[in-house]
Amino acid sequence: MAEETGCMWCAMWDRQIAPIYPKTPEGRAAPLKKINIHGELPDDVVLTGRITYTPTFILVDEGREVSRIEGYPGEDFFWGL
């Protein structure tokens, strides 16, 4: 999850989803790691493009991006994708 200080959508995700995400099949299959959008990317991750919006959820498999969700307008949106 790419986030930044002051992101109200990131804070909403933290309140609504973060407590339950690790307990779900999705959370166990794709554990969450947070990074700052303005910071360094982990050396072992290759993205398909620039991160522009926060939050951005990037699914990585063997160090390569395979999918992403940009933004968070609510939990129904998040779980549906």
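Modeller: What follows is a walk from the pocket to the strands and loops beside it in the sequence. This is a predicted model, in which local features need pLDDT of at least 70 and side-chain atom pairs count only at pLDDT 80 or more, while totals for chains, interfaces and linings use all residues. Residues are numbered from 1 along each chain as its sequence is written, and side-chain values use heavy atoms, with hydrogens and water left out.

The largest pocket has a volume of about 790 Å³; a pocket here is an open set of points on a 1 Å grid over the protein atoms alone, where a 1.4 Å probe fits, with protein on both sides within 12 Å along at least five of seven lines, and lining residues have an atom within 4 Å of a point. The volume itself is the space filled by probe spheres set on the points, which are joined across faces, edges and corners. Of the 27 residues that line this pocket, A30, F57, I58, L59 and V60 are the closest to its centre. Two or more lining residues come from each of α2 (25-29), β3 (56-61), β4 and α3 (75-80), where helices (H or I, at least four residues) and strands (E, at least two) are DSSP runs numbered from the N terminus. The largest share, five residues, comes from β3. By type, the lining divides into 20 nonpolar, three polar and four charged residues, with Ala, Val, Leu, Ile, Met, Phe, Trp, Tyr, Cys and Pro counted as nonpolar, Asp, Glu, Lys and Arg as charged, and the others, Gly among them, as polar.

In the loop between β2 (35-36) and β3 sits P55, and the peptide bond that joins T54 to P55 is cis, with omega near -10°. The loop between β3 and β4 holds E62, whose phi is near 50°, a positive value in a residue other than glycine. Most residues other than glycine have a negative phi, and most peptide bonds are trans.

Leaving aside neighbours within four places in sequence, E65 is in contact (heavy atoms within 4.5 Å) with V46, L47, T48, G49, I58, L59 and V60. A polar atom of the E65 side chain lies 3.0 Å from the backbone nitrogen of T48.

Note on methods:
Polar contact = N/O pair within 3.5 Å; in protein donor to acceptor, adjacent residues only side chain to side chain.
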